[in-house]
Every structure is written in C-alpha cells, then in structure tokens.
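Me: Hello! I am new to this structure and would like to walk through it with a few questions. Could you show it to me?

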Amino acid sequence: MKVNKFLSENGFLFLLVLGAALYFQHAWVQGFFLDGYLYSAFAKHAAQNGDWLIPHLSKTTYSQFPVHPPFVFALNGLFFKVFGSSYTAARIFSGLFSLVCLASVIRFTQKHDNEEKAFLTGLIFILIPPLIKKTRFPSLDGPLMLFVFLSLYFYFEAYKKNKSSSWLLCGVFFGLSLLTKGPMAGLIPLAILVHLAFTKSFIKLKQLLPWLSFLLGFVIFSLWPIALLIKGRSDVLNLYIESTFFHTMLEGRGVTKFNYFDYVVFLLKQTGPWLLLSLYSLYRIKKGFKNELLLFSCTTFFSLLVFLSIPKFKYSNYLLPLYPFYAIIAANGLSFFLNSKKLENIKRAVLYLFVATSLTLLIFPLTVETRRDKPIFDILKISKGLKRQPDLWLTINGSYPFYSLANLVGFELSGEVVNTSLVWLKGYLNGDQKLEFETEMPVSWGSMEPLILIRTKDFEDLKLKTGATLRSVAYFEKEDIVVLIRSENISSKGIKY
C-alpha cells in the first residue's frame, strides 16, 4: 500500500525524470545530423560574433542564411552565452523544449480530463521513438512543437471560457511559432478552424478577441522583417520570401515522386501501437463517446496529418507538432482497456523502467560513442598536434559530403570548407595555382592554413615525392580518405596525437 501511495503521489515526477533521462542521456556525445551542426554554428556565431539578426555559418558557405527566421538560433546563442558553446549545451537546449512540452501536455490533460489520462498521456508522449530521436540534436522542430502546442492549449481554454488572457497567450505563441518556422505556424489557425467546424462554433469568430489574437501573432513575427529593414537588409527578406514561398511551397524543392500516405506508413512503422489506439479513440467518438479534449485532439491530429500529407516534400520532423495531440488520443484509447489496478501496475512499471533505464545508462556506455562523421573528429584530434590547427578544409573531387563537413567545421572551428578539383591541386603543387577561391564574402586566403581530404585514387595520381609541399598524415580505409597537410606545419618531432 505504501508503494501504491508513493507512486500515486509521485507518478508525474517520475514521468518528468524518465523524460529527462531519455532526452538528455545522449547529451555528451559528439556529432550531429548535419542540420544540428548548422543550427549550433548559427547560435555559436551569434553568441561570439553578434550575428543575431542574420544567421551566419562561414564566409564560403551560408554567409547569410535566409531560409528560417533567426529566433531559435538567437535563443540558443543566449544559452551558449551562459553555458558555453558545446555539443552538450546544444543537446540540452534542444531537449528542454521536449521536456517542457511533456510537462505542458500532462498539465493540459489534468485540467481538461483527469489524473489517470494525464499520466498515460505523459507516458505515451515520452515513448514516441521519433520524438526521442529528433530531440537529441538541435533543430527547429522541437521549439515549433512546443509553441504550436501552447498556442492551441490556450485556444482550447479560450474556446471553453472565452478569457481574454487565453486569447492573448494563444496569439503570443502563434507569433513565436511564426518566428520559429514561418508557414508551419499555419497549422495553428488550420487546427482552430477545423475544430470550430466540427463543434459548429463559428459564431465565436464574430467576436473581436480571436482576430486580435491572430493579429498579435503577425505583429510579433513582423519584428524580424522590421529589424532587417532598419538595418537596410531587405535583400535577406526577399531571399526568405523566395526560398519559403516559391522554392519550398510552390516548387516543392524539386521533388517529383511522392506518396500521400508516407506519413501514415511512417507512423505505423515507428509508433504502430499508438496509431492503433488513436484509431480506436476515433472509433469511440464515432460511436458517441463524448469528451471535449479528445474531440479537439482528434480534429487537430487527423486534420493536420491530412494537410501535411498533401505537399510533395515530406520530412518526418514535420510531424513533431502533432505528437502532443497524438499522445492524448492514444492515451484515451489505452484508457478504455484499463481499470484502476492495471493503471497502478503501469505506474509501478514506470518506476522500475526509470530505475532500470538510469542504471543502464550510467553503468554501461551505450550512447557515448561518436558515430556521425567519426573520421572528421579523428582528424580534428590529429590537427591539434600540428604547429597550427588548419582553418581551411579542402575536399578534392567531393571526397567528403560537402555540407556535413562545412557545417561541422563551421561549428567546431568557425573555419572554411571548399570543394575543388584534382587539376587545381596539381597546379597548386606546381606553383601554378594560388590558394584562392571564389566566395560569398571576402576571405584573407593568405592567412589560412589548409588541410586536404583526397581519395586514394587521386592521391596516387599526385605522386608526391620526399620533400613535397604536402604530406599525408592519416588514411581512413572505410571512407577512402587520405589527409594531406603542408609539410611546414609539422614540427620536427612529428604529430602529437
């Protein structure tokens, strides 16, 4: 009985701690998906160089990045200001949004349903595998998920109580969603309209407050364009409009083959039990089960899933804003099969799961190995043993994926990455070519220290001789990469590694 009472009183706390264990247990590992490097570099350069308004990677790649507003990068930059720029700080910054969203989803369900369903909702939200995966590297989708959910959270409260403060907060988080990922914030008014249609409540739109809330969101978003215009950077705004509305929304980023059911297949593969439980909840509503929160969550999740399935381009991270409502629907479906005793057993299992997960992650180093871009991290270690660490990385004939390397080097060293040809390299060795390239911004090439990545076939074609300008210092067989540096950059004692 004491255990049951303890679990009853602390069940939500264990959910939050379990969520933190899953979201942050990867925090000290080096390496990101390539966008993670990019977004972390934007934040780092904002914190160090003051690039708050226009995100900047390097002088050769993304000297200005107009694809997304800089709001989240700036928030991350402020986080770096306090805690320093590192992989750990970047991962914790990303994970905090999912953790706050978890707490918000639990609170939302507590207020508008009951304690038991709030617990199940939190548990299911934690155990959405794609969310755990996406939380572990910096992205815009975690913040977007939180802001979209909070905006709709306060819409639902405004729908029920018509409080001006709720409409105000709905508009605030709509504005933050716009500042996070522009048109993706359109999910909010779309979800609201669908819900009003299903509840036959369009009369609410005759009031002034919903429209003021909508307007407030655009006023908040307009702070960024206004700041750009004040700075005289209307060109960045024009590039943003072209990239967002023409290249992405109208042209579909060049995608020609697509399937309208890609997201459904993805959810079935990744979260099959939750999808089946959600469909059962939908079935119960059709059979007359009445629950305002469940109806709102169903109209939101299923309408937005259909809407997101229409465009040609589909990325799994676009589904993140749907996951809070997905958890609510699936939790309702699960609750139909549970009695109080079974629920207590689930709470007990969560306690054991938390203890087992924490001990496993502490005792066994399951997630401490760098898997992404491992040769590059090895090269970085080698380069620290040189007289001077290279800040110009050259790939010969695409010897390494360009953007993965450019984003990584931009975050690690604030360095430059250039892809060039074997013909150029031969000319450089013969003295016919200078260490200069066309770039987006002026670069002081003469002050840069090069490091070259080349494939074995091209390296053998160079036929380097003893005393040559370049020397090979490492070879990575799996990636077929030879690493070359200037002979002058190696001390007489060799390389310390």
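Me: At roughly what angle do the axes of helix α2 and helix α17 cross?
Reply: This is a predicted model, where local features need pLDDT of at least 70, side-chain atom pairs count only at pLDDT 80 or more, and totals for chains, interfaces and linings use all residues. Axes are lines fitted to C-alpha atoms, for helices over the stretch in contact, with angles from 0 to 180 degrees between N-to-C directions. The axes of α2 (residues 34-49) and α17 come within 8 Å, and they cross at roughly 30°.

Me: Is α2 roughly parallel or roughly antiparallel to α17?
Reply: Angles under 35 degrees count as roughly parallel, over 145 as roughly antiparallel, 65 to 115 as roughly perpendicular and the rest as oblique. The crossing here is at roughly 30°. So α2 is, relative to α17, roughly parallel.

Me: How many of the 11 residues of α17 are buried?
Reply: Buried means under 20% relative accessible area, exposed over 50%, and partly exposed in between (1.4 Å probe, protein chains only). Helices (H or I, at least four residues) and strands (E, at least two) are DSSP runs, numbered from the N terminus. In α17 (residues 402-412), the buried residues include Leu405, Ala406 and Val409. The helix is mostly covered, and its buried residues number eight.

Me: Why is strand β1 largely enclosed by the rest of the structure?
Reply: One side of β1 has Leu392, Leu394 and Ile396, the other has Trp393 and Thr395, and both faces are covered. The strand (residues 392-396) is largely enclosed because its buried residues number five of the five.

Me: Which residue of β2 is the bridge partner of Leu392?
Reply: Two strands pair if DSSP finds at least two bridges between them. β1 and β2 (residues 416-420) pair in the parallel sense, over five bridges. For Leu392 the partner in β2 is Glu416.

Me: Is the β-α-β unit of β1, α17 and β2 right-handed or left-handed?
Reply: A crossover is right-handed if, with the strands pointing away from the viewer, the path from the first strand over the helix to the second runs clockwise. By that rule, the unit that β1, α17 and β2 make is right-handed.

Me: Is Ser213 buried or exposed?
Reply: Ser213 is found in helix α10 (residues 209-230). Leaving aside residues up to four places away in sequence, Ser213 touches Trp167, Cys170 and Gly171. Its relative accessibility is 5%, so Ser213 counts as buried.

Me: How far apart in space are Lys200 and Ser58, C-alpha to C-alpha?
Reply: Lys200 sits in the loop between α9 (187-198) and α10, and Lys200 is exposed, with a relative accessible area of 75%. In sequence, Lys200 and Ser58 are 142 residues apart, and their C-alpha to C-alpha separation in space is 53 Å.

Terms used. Residues numbered from 1 in each chain as written. Heavy atoms only, no water. Contact = heavy atoms within 4.5 Å.
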